[in-house]
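Below are some notes for a colleague who is opening this structure for the first time. Please read them with the model on screen.

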Amino acid sequence: MNNKVNFTIDDKECTSTSDKYIVEAARENGVYIPTLCNYDGVKPAGSCRVCTVKVNKRYLTACTTPIAEGMEIEVNTTDLQDFRNAVVELLFTEGNHFCPACEKSGNCELQALAYKFQIMAPRFPFQFNERYIDASNPKIYHDHNRCILCKRCIRVVKDDKGKSVFAFENRARQIRINFDSKLGEVLTDELAEKAMEVCPVGSILVKGKGFKDPIGTRKFDHTPIDKIVIPEKQNI
Amino acid sequence: MSRPIIATTSLAGCFGCHMSFLDIDERILDLIELVEFNKSPIDDIKTFTKDCDIGLIEGGCCNTENIHILKEFRKKCKILISFGECAIMGGLPALRNDISVKECLAEAYLDGISTVNKEEILPNDEELPMILNKVYPCHEVVKMDYHLPGCPPRADLIWDVLHALILGTDVELPYEVVKYD
Amino acid sequence: MTKDFVHQTIKKFNSDSYRLLDMLLDIQQEYGYISKDNISVLAGELNQSEADIGQTITFYHFLRSKPQGKYSIYLNNSIVSKMMGMDKIARQFEKESGIKFGEVTKDGQISLHYTSCIGMSDQEPAAIINEKIFTNLTTFRVKEIVLAMRQGKPVESMYCTNFGGGKNSSPLVESVVRNNIRRSGPLLQLNYVPGQVLQNKVSLMSPDEVISEIKDSHLRGRGGAGFPTGLKWQFCRRAKGARKFIFCNADEGEPGTFKDRVLLTEKPEMVFEGMTVAAYAVGAKEGILYLRYEYKYLETYLKQVLQDLHGKNLLGENISGISGFDFDIRIQYGAGAYICGEESSLIESAEGKRGEPRPRPPFPVEKGYLGYPTIVNNVETLCSTVTILQNGANWYRELGTDESTGTKVLSISGDCLYPGIYELEWGFSINDILEMSGAESTQAVQVGGPSGALVPPSQFNRILCYSDLATGGSLIIFNQTRDLLRDVVMNFTEFFVEESCGSCVPCRNIPALLKKKLEKIQAGDGVREDLKEIEEWSNIMQINRCGLGHTAANPVITSLKNFRKLYEALIQKDVNFDSGIDLSAAVAESCEFVDRIPQL
């Protein structure tokens, strides 16, 4: 029952099928909508708000909203671009992001969005919140300074019985990611790698693997994130 | 208009941003034609001798001397630019920002494993600048007009922006010049 | 021994992880807290990780993983409590107990905690001590109470007044809470007979007829959002689902509101009858009263009411002789989280999870509790449906205004002679309210609680209705002696900082940034640019997911809009930039450590 749907993005006529979220439907039509907490194949959370678009005059997250017939979607308007920048800037000032010293620099999706938006400095004051580093696990290095609380690790990293290895702890500004110590002890190499892969920033690293790719050859060193999500030739 | 005057300084920084500035290579010859330098390690002028048009600040503020110099730059320069991560967000010196300054000083002068200080002498000479509780980004001390990120900012970024400022033209920055590492 | 109770508890809830919140509350009731060992047992039995159990526990204010006092005192720190002298009470508690808030006495007897509004704004300062409510606290009472605790007396013995009026005095409640009903209308008047609507009206109507009657009444949700109730019911009726659920949202957490507490105390049968009517209309068999933990003192009483309704065939099977109409209601407690008043958070919470709002679509009427079509209606909304069916939609539409029909139960508190409950037809002005409640020299009224607006005297002629000033019913009055920015706006902003679920980036960060701006302005370091940034940053809040996120900047922006002069008076006139950095404070610590006198 996946019906064909017609919609517009910034006045451009588009088509897709009704089983898609807006962000996927846009991609099919060559339109990049920035995302951060979203991860392909996993139930969307809509928590970072970077993918906010305007549909029929309402702000909605493109990662959680199914596409529907007749939608008039605004993506690249000035106010929406400013909101997206604001979210990225908030994350840079909320955590302690020392890019020059981070193993993930160049492979980091938060940084990639800031590069794409060419953010020169955040408008918000740096908060320098007290965060900590947990290096007690034999495989995983968990640096809360860099965590952006996107929930990807919570949603993706499950053991063979389906239990969550990561979970939230606390709420509001005290919220943080808790790494289950018991499941952490028996974490397989495969799951550890998975955790590092899903983390968009350098918060979850597999020990000894942080510099696997030399700087200069990393994902976003030469190519903006939108061109990776939608390679040039596919762009209409 | 007469040649714009540029001043530069490094506060709590490593001079890496200044090194990157020199990395504009032969374009420095063009720059010399376009501008005049005043207070700057590049020409070794130690004190302002006149009002300037552009001030480039490397490094954040970790002590009272940094604050003093930054405020002096703000007074003397029409346009003030943070260049480099340290000026913009404190940079690596700001790694201490979630640790109390007492703990930092104790580690450096008393408890550190490589510390040899039997008399437990602490740096308290009146001549020394006083240490701030944290490293402050420049724009959290004075108004900064522009920010050039990077550790260091790419030479091309510094050149593109200065060139545009001096000539009063618009600038479209290539993807690869705006980096934070 | 320990483990036996936990195992029994898990068994009691059929090892259903969706009932985790109930299990946690029961375990805490037994041991005073939820220990690591018990978390481990829960995790094992429910096939979850310990971190997973922990993420539910740490979300809720009243759940705790460390031992607390045998007497745990939760003092309300909402604005009205503060206005009525909370600070003095807090200092007295600290003095008498010898500990600070957030601490436990060494002997493990007493612990002190602050908590957000507990729904007693008409009788503040108030506190919850081991689930019992203490109102109108004075420093004298604090001394008495702490002394009694030192003597190990039961909490019930610490009351020193008669029980409150109405059902508060019932043997099943025995609470000193007062109703303070100052004005009653169709919902609160005494002539309601439980079951009449079900027996005499609903039994003669088809579900569609019930829905169209509610639609004809133009009733809109009374929780604050104002969604048309009939439409919600219709959507749920049309939605396909093997099961359907009716939730009554009794999680009123908006500071300054307490009307649902009074409705639940005086008209619980009406609330449950409303749920039953809704169940009939949409075809649901299961109902859940989601009750805020602050109102746990009503538990025995409400359970008895439910049992009595069973006895009268107003719940259970073939209700009121309507063949095949089965419906039952259970009580689900929250555990201290304002956000759970938002319908999808409430559902998440009832499923034993963190109360984080869900993305929409899907809407709860399509996919709600356990993924089934679900109605979430406010206590007052459900009561209203009963009066509508009793008297007809035409009668109801005569009340109120054209687009805001019926009556609204208001919770009025703050600087007035007669704080309490007022049931009024929609269409009254703020001036009417001030006159009615005996308020004088009023500086401002907070309409709709912190998420609403701070309204100035120039707008006191505005009308409360959905098309002008909509409200869930919380009205807090401030007289001229109040410092609106320092006390009111700051308190509300702190409330939102604490109560964000922490999911959306703007909501997690911006209220705290606004609080810093307010502090800077209060300190005299503010500049014009700060006001501009307050407006620009607040604007970003509209991309948050839920209503809390959308409105969390309202205290700051509505006060800036309506009381701009207060801000202007505090900011520096001739300075364009001031970062607010305090140099002498910035060097104090290092100078002290190296033994040096700061010279700036």
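Predicted model: local features only at pLDDT ≥ 70, side-chain atom pairs only at ≥ 80, totals over all residues.

1. Strand 6 of chain C pairs in the parallel sense with strand 7 (residues 286-291) of chain C over 6 bridges, and within strand 7 of chain C the bridge partner of C:Ile246 is C:Gly287. Strand 6 of chain C also pairs in the parallel sense with strand 9 (residues 374-378) of chain C, here over 5 bridges, and in strand 9 of chain C the partner of C:Phe245 is C:Thr374. Two strands are said to pair if DSSP finds at least two bridges between them, while helices (H or I, at least four residues) and strands (E, at least two) are DSSP runs, numbered from the N terminus.

2. Residues are numbered from 1 along each chain as its sequence is written, and chains are lettered from A and ligands numbered from 1 in the order in which they are written.

3. Is strand 6 of chain C buried or exposed? Since 6 of the 6 residues of strand 6 (residues 245-250) of chain C are buried, this strand is largely enclosed by the rest of the structure. A residue counts as buried if 20 or more other C-beta atoms lie within 10 Å of its own, as exposed if 12 or fewer do, and as partly exposed in between, with C-beta atoms placed from the backbone. In a regular strand the side chains alternate between the two faces of the sheet. In strand 6 of chain C both faces are covered, with C:Phe245, C:Phe247 and C:Asn249 buried on one side and C:Ile246, C:Cys248 and C:Ala250 buried on the other.

4. The domain assignment of chain C gives domain 1 (2-57), domain 2 (71-161), domain 3 (183-398), domain 4 (407-482) and domain 5 (485-570); such bounds come from an automatic or database domain assignment. The centres of domain 3 and domain 4 of chain C, taken over C-alpha atoms, are separated by 27 Å, and the contact takes 20 residues from domain 3 of chain C and 22 residues from domain 4 of chain C. Two residues are in contact if their C-beta atoms, placed from the backbone, lie within 7 Å. On the side of domain 3 of chain C that touches domain 4 of chain C, helix 11 (residues 259-266) of chain C gives the most, with 3 residues.

5. The contact between chain C and chain A takes 32 residues from chain C and 34 residues from chain A. On the chain C side, the elements that give two or more residues are helix 4 (50-57), helix 18 (484-499) and helix 19 (505-522) of chain C, and helix 19 of chain C gives the most, with 6 residues. By class, this side of chain C divides into 13 nonpolar, 12 polar and 7 charged residues, where Ala, Val, Leu, Ile, Met, Phe, Trp, Tyr, Cys and Pro count as nonpolar, Asp, Glu, Lys and Arg as charged, and the others, Gly among them, as polar.

6. Chain B has 6 helices and 7 strands, and buried residues make up 43% of its 181 residues. The contact between chain C and chain B takes 14 residues from chain C and 18 residues from chain B, and the chain C side has 9 nonpolar, 2 polar and 3 charged residues.
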